Amino acid sequence: MSRILIVEDEQHLAGGLRFNLEAEGYTVDVAETGEAGLELVLASSPPIDVVVLDVMLPGIDGFTVVSEMRRAGHFIPTLMLTARGHADDVLKGFAAGADDYLTKPFELPILIARIRGLLRRREWLAASSWNTAPAEAPDTFAFGDKSVHFDVLELRVRQQVFPLTLMEANVLRYLIQHEGKPVSRKAMLEDVWGLHEDTDTRAIDNFIVRLRRYIEDDPSRPRHLLTVRGVGYRFLASPDPSR
Ligand code: CA
């Protein structure tokens with residue numbers, strides 16, 4: 001049974017979410033402040049599977065909660081609830097380590113679909129560590145002196161280990177699966193995010209910036225994660241040494 005933590009100070013909304021998610025068969029915890037939410041994430045047994053996190057909270061805000069979670073080594077899939085018309089919040093949320101977002105007010109079936117999506121992607125990553133379908137990228141992918149370990153959500157560069165969020169790992173896996181070919185932002189939105197029409201394509205650029213920081217020796221002159229002007233991106237495992 002999947003366990004969901006809702007961090008939301010609007011009691012009416014939190015109560016409604018709890019009722020409906022429990023009706024869907026989930027175990028639900030509610031925290032009314034970011035501090036209480038963090039405590040639950042750090043102490044929960046069995047662990048929490050998905051966090052639904054409001055941005056505007058009394059005390060520390062949602063951005064701080066997700067970045068503190070990541071800093072403490074908790075890479076639980078996290079969906080942020082942002083206010084409509086605050087595009088900056090979306091980018092800030094992804095930068096802090098969120099995996100997905102939904103704009104308030106939202107339709108309940110959409111939230112449930114997003115939660116299912118996060119749980120499914122998590123299972124997909126877990127399943128891939130057993131090396132299931134041969135068409136899928138392997139659970140570990142090595143290029144140059146770097147390797148991506150999808151099963152434990154880590155990117156290893158020489159002696160350094162970078163923990164990845166679920167969404168970072170999914171973006172990287174998608175690019176690796178299309179190695180050498182240009183991949184459009186639209187295709188990434190559809191295939192990695194599951195076509196969220198309200199998702200800003202700039203969110204993808206933000207992921208690429210972060211991934212470049214991990215995998216490029218000089219992120220301002222990328223050799224693995226190339227920009228394809230007017231299209232999107234292209235991943236090269238073995239860049240042309242003459243370039
Ligand atoms: Ca709030």
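## Arg210 and its contacts

Arg210 touches Phe94, Ala95, Gly97, Thr165 and Glu168, leaving aside residues up to four places away in sequence. Contact means heavy atoms within 4.5 Å. Arg210 lies in helix H8, residues 202-215. Helices (H or I, at least four residues) and strands (E, at least two) are DSSP runs, numbered from the N terminus. With a relative accessible area of 7%, Arg210 is buried. Buried means under 20% relative accessible area, exposed over 50%, and partly exposed in between, for a 1.4 Å probe and protein chains only.

This is a predicted model: local features need pLDDT of at least 70, side-chain atom pairs count only at pLDDT 80 or more, and totals for chains, interfaces and linings use all residues. Residues are numbered from 1 along each chain as its sequence is written, and side-chain values use heavy atoms, with hydrogens and water left out.

## Arg114

Arg114 sits in helix H5, residues 108-128. Its relative accessibility is 7%, so Arg114 counts as buried. Arg114 and Asp100 are 14 residues apart in sequence. Their C-alpha atoms are 8.0 Å apart in space.

## Calcium site

Three residues coordinate the calcium ion: Asp9 (OD), Asp54 (OD) and Met56 (O). The distances run from 2.1 to 2.3 Å. Donors are N, O and S atoms within 2.8 Å of the metal (3.2 Å for Na, K and Ca); water is not among the atoms, so sites may look incomplete. The sequence spacing of the donor residues is D-x44-D-x1-M.

Asp54 is buried, at 3% relative accessibility. Met56 is exposed, with a relative accessible area of 63%.

## Helix H3 against H4

Two packed helices are described by the angle between their axes and the distance between the axes. The axes of H3 (residues 62-71) and H4 (residues 87-96) come within 8 Å and cross at roughly 15 degrees. Axes are lines fitted to C-alpha atoms, for helices over the stretch in contact; angles run from 0 to 180 degrees between N-to-C directions. H3 and H4 are therefore roughly parallel. Angles under 35 degrees count as roughly parallel, over 145 as roughly antiparallel, 65 to 115 as roughly perpendicular and the rest as oblique.

H3 passes H4 in a right-handed crossing. A crossing is right-handed if the near helix is turned clockwise from the far one by less than a right angle, and left-handed if anticlockwise. H3 contributes Phe63, Val66, Ser67 and Arg70 to the contact, and H4 contributes Asp89, Lys92, Gly93 and Ala96. These residues divide into 3 nonpolar, 2 polar and 3 charged. Ala, Val, Leu, Ile, Met, Phe, Trp, Tyr, Cys and Pro count as nonpolar; Asp, Glu, Lys and Arg as charged; the others, Gly among them, as polar.

## Helix H2 against H3

The axes of H2 (residues 34-43) and H3 come within 10 Å and cross at roughly 25 degrees. That makes H2 roughly parallel to H3. The crossing is right-handed. Gly34, Leu38 and Val41 of H2 meet Val65, Glu68 and Met69 of H3 in the contact.

## Backbone in the loops

The Ser45 to Pro46 peptide bond is cis, with omega near 0 degrees. Pro46 is in the loop between H2 and strand E3 (50-54). A cis peptide bond also joins Lys104 and Pro105, with omega about -10 degrees. Pro105 is in the loop between strand E5 (100-104) and H5.

Arg158 has a positive phi, near 50 degrees, in a residue other than glycine. Arg158 is in the loop between strand E8 (154-157) and strand E9 (160-163).
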